[in-house]
Amino acid sequence: MIKKIYKTKFPGVKLFSIATYSDKRGYFEEIFNKRELYKKLKINFQTKMICSSYSRQNVIRGFHYQLKKPIKQIVYVKKGKIIDVVVDIRKKSKTFGQYEAFILSEKNKKVLYMPKGFAHGFYAIEKKNLIIYNLSEYFNKKLDMGILWDDKDINFKWPSKKPILSKKDKNNPKLKNAKL
């Protein structure tokens, strides 16, 4: 159940929180409800994959996108806290190359929806971070692309100058050289 909807910089990017129902046994939360997403947010979303990632504190993953068969994503933090960043990579967009950052955590219950045309990355704030992704397309490693995490043209100020990065993320091209 969607509890609250927040304004975002980019049309199509949606940020909302979900309700949690707690009692002495624990809690229940509805993370994905296709009907409600369409009714309240006008999102038409077909889940083809659900993935998760676990990241230690000070990890940056991203900025990632899929070149062919671009993916719409719904991102939710089950455990921990992250700074989630989306970058507009739609060449003809007035906001091309601009970013917006969101705090997603197990406590604030915020969920992020990204349409096609955005690269995605995040920074893991807490010691243990479990992130759940609903994907509209199948992930294909051959189509997986990236943009350099600290690209000066994007100019996002990450909390760490020396994060933990994958070899791929260290070597991604800058936005101006990326295949879009």
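Which residues do ring pairs link into a cluster? They are Phe-63, Tyr-99, Phe-156 and Trp-158. The model is predicted, so local features need pLDDT of at least 70 and side-chain atom pairs count only at pLDDT 80 or more, while totals for chains, interfaces and linings use all residues. Residues are numbered from 1 along each chain as its sequence is written, and side-chain values use heavy atoms, with hydrogens and water left out.

Start with the rings. The whole structure holds six aromatic pairs. Rings of Phe, Tyr and Trp (its six-membered ring) pair if their centres lie within 6.5 Å; planes under 30 degrees apart are stacked, over 60 edge-to-face, and the rest tilted. Tyr-99 and Phe-156 have ring centres 5.0 Å apart and planes at 80°, so this pair is edge-to-face. It links distant parts of the chain, 57 residues apart. Tyr-99 is in strand 9 (residues 99-105), and Phe-156 is in the loop between strand 13 (144-146) and helix 2 (167-171). Helices (H or I, at least four residues) and strands (E, at least two) are DSSP runs, numbered from the N terminus.

Phe-156 also pairs edge-to-face with Trp-158, at 4.7 Å centre to centre and 80° between the planes. Both Phe-156 and Trp-158 are buried. Buried means under 20% relative accessible area, exposed over 50%, and partly exposed in between (1.4 Å probe, protein chains only). Phe-156 counts as buried because its relative accessibility is 13%. Tyr-99, at 27%, is partly exposed.

Now the core. The largest nonpolar core has 19 residues. Such a core is a set of buried Ala, Val, Leu, Ile, Met, Phe, Trp, Tyr and Cys residues joined through side-chain atoms within 4.5 Å. Phe-63, Ile-89 and Trp-158 are among those with the most contacts inside it. Strand 6 (60-66), strand 8 (81-88) and strand 11 (118-124) each give it two or more residues. Beyond neighbours within four places in sequence, Ile-89 is in contact (heavy atoms within 4.5 Å) with residues including Tyr-65, Phe-96, Ala-119 and Leu-180.

Is Asn-129 buried or exposed? Asn-129 is buried, with a relative accessible area of 0%. Asn-129 lies in strand 12 (residues 128-135). A polar atom of its side chain lies 2.6 Å from the backbone oxygen of Glu-126. Leaving aside neighbours within four places in sequence, the contacts of Asn-129 include Ser-53, Arg-56, Lys-79 and Ala-124.

How values were computed. Polar contact = N/O pair within 3.5 Å; in protein donor to acceptor, adjacent residues only side chain to side chain.
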